[in-house]
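Please look over the chain shown below before reading on. The report that follows takes up a few residues and their surroundings, and then turns to the chain as a whole.

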Amino acid sequence: MNKNIKIILGLYIIFGSVLLSGCGILTSNELIANRYADALLTKNNEIQFRFRINNEILEGHQLYKVKVTIHDDRLAAAIGRREIVYGEEQVLNGEYIDVKGKKEKYIFMDPIPLQKDLHIQELQNMIEQNNAVSIEVFNNKKVFGRAFLTNFSSEL
């Protein structure tokens with residue numbers, strides 16, 4: 001009898017672990033395709049955030065917003081702000097991005113001029129190794145997914 005309780009308890013622990021770890025993976029890594037997400041340093045010393053959203057995962061949720069958060073203090077100072085919401089002017093009017101259409105939506109945010117110069121290697125390390133930038137997909141009811149931007153490229 002005692003052996004059966006241990007087996008059942010073990011199965012509950014394994015099932016709970018798989019369930020909890022699986023939820024985070026589904027909402028973040030599959031929603032925001034990391035291999036297609038990057039920060040680009042343009043030849044005009046501007047930074048542009050680019051990423052792909054998998055609309056199939058958002059099925060049933062027709063409208064959403066995308067927020068980029070800068071976690072690194074030096075990068076936030078260089079950009080001049082900590083948060084950038086995709087389509088900021090539209091968001092102020094209460095509009096959202098629509099899920100309808102293609103399975104995947106590529107989002108190229110407007111390039112932001114850097115107010116302070118950062119060395120290319122320093123910028124690359126911030127983004128690729130130090131979790132300096134995160135992306136969040138949400139609406140006014142819930143957050144669908146979060147992921148850190150871990151790719152960097154440069155036109156220089």
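Leaving aside its neighbours within four places in sequence, with which residues is Lys 67 in contact? In this predicted model, and with those neighbours set aside, Lys 67 is in contact with Glu 83, Ile 84, Val 85, Ser 134, Ile 135, Glu 136 and Phe 138.

**Lys 67 and its surroundings**

Lys 67 is found in strand β3, which covers residues 63-70, and because its relative accessibility is 17%, below the 20% cut-off, Lys 67 counts as buried. One of its contacts, Ile 84, is 17 residues away along the chain, yet the C-alpha atoms of Lys 67 and Ile 84 are separated by 5.7 Å. Among the other contacts of Lys 67 is Ser 134, a residue of strand β8, which runs over residues 133-138.

Is Ser 134 buried or exposed? With a relative accessibility of 13%, Ser 134 counts as buried. The side chain of Ser 134 makes a polar contact with the side chain of His 71, at 2.7 Å. When neighbours within four places in sequence are left aside, the residues in contact with Ser 134 are Lys 67, Val 68, Thr 69, His 71, Ala 147, Phe 148 and Leu 149. Two of the residues in that list, Ala 147 and Phe 148, fall within the range of strand β9, residues 143-148.

Strands β8 and β9 pair in the antiparallel sense over five bridges, and a hairpin of four residues joins β8 to β9. Within this pairing, Phe 138 has Val 143 of β9 as its bridge partner. As a general point, the side chains of a regular strand alternate between the two faces of the sheet.

**Salt bridges**

| Arg 82 | Asp 73 | 2.2 Å |

In the pair formed by Arg 82 and Asp 73, Arg 82 counts as partly exposed at 38% relative accessibility, whereas Asp 73 counts as exposed at 53%.

Arg 146 is partly exposed, with a relative accessible area of 49%, while Glu 136 counts as buried at 12% relative accessibility. Salt bridges that share partners join Lys 67, Glu 83, Glu 136 and Arg 146 into one network, and Lys 67, as noted at the outset, is in contact with both Glu 83 and Glu 136.

**Ala 78 in helix α2**

Ala 78 lies in helix α2, which covers residues 73-79, and because its relative accessibility is 0%, Ala 78 counts as buried. Which residues does Ala 78 touch, not counting residues up to four places away in sequence? On that basis, Ala 78 touches Pro 113, Leu 114, Gln 115, Lys 116 and Leu 118. Of these, Leu 118 is 40 residues from Ala 78 in sequence, and the two are 7.6 Å apart in space, C-alpha to C-alpha.

**The chain as a whole**

There are four helices and ten strands in the chain, and from the N terminus on the elements run α-β-β-β-α-β-α-β-β-β-α-β-β-β. Buried residues make up 37% of the 156 residues in the chain. Among contacts between residues at least 6 apart in sequence, 70% join residues at least 24 apart. The chain exposes about 9,700 Å², and carbon and sulfur atoms supply 53% of that area.

Key. Residues are numbered from 1 along each chain as its sequence is written. This is a predicted model: local features need pLDDT of at least 70, side-chain atom pairs count only at pLDDT 80 or more; totals for chains, interfaces and linings use all residues. Side-chain values use heavy atoms; hydrogens and water are left out. Helices (H or I, at least four residues) and strands (E, at least two) are DSSP runs, numbered from the N terminus. Buried means under 20% relative accessible area, exposed over 50%, partly exposed in between (1.4 Å probe, protein chains only). Contact means heavy atoms within 4.5 Å. A polar contact is a pair of N or O atoms within 3.5 Å; within protein, one must be able to donate a hydrogen and the other to accept it, and residues adjacent in sequence count only if both atoms are side-chain atoms. A salt bridge is a side-chain nitrogen of Lys or Arg within 4 Å of a carboxyl oxygen of Asp or Glu. Accessible areas come from the Shrake-Rupley method with a 1.4 Å probe; for residues, only the protein chains shown count as cover. Two strands pair if DSSP finds at least two bridges between them.
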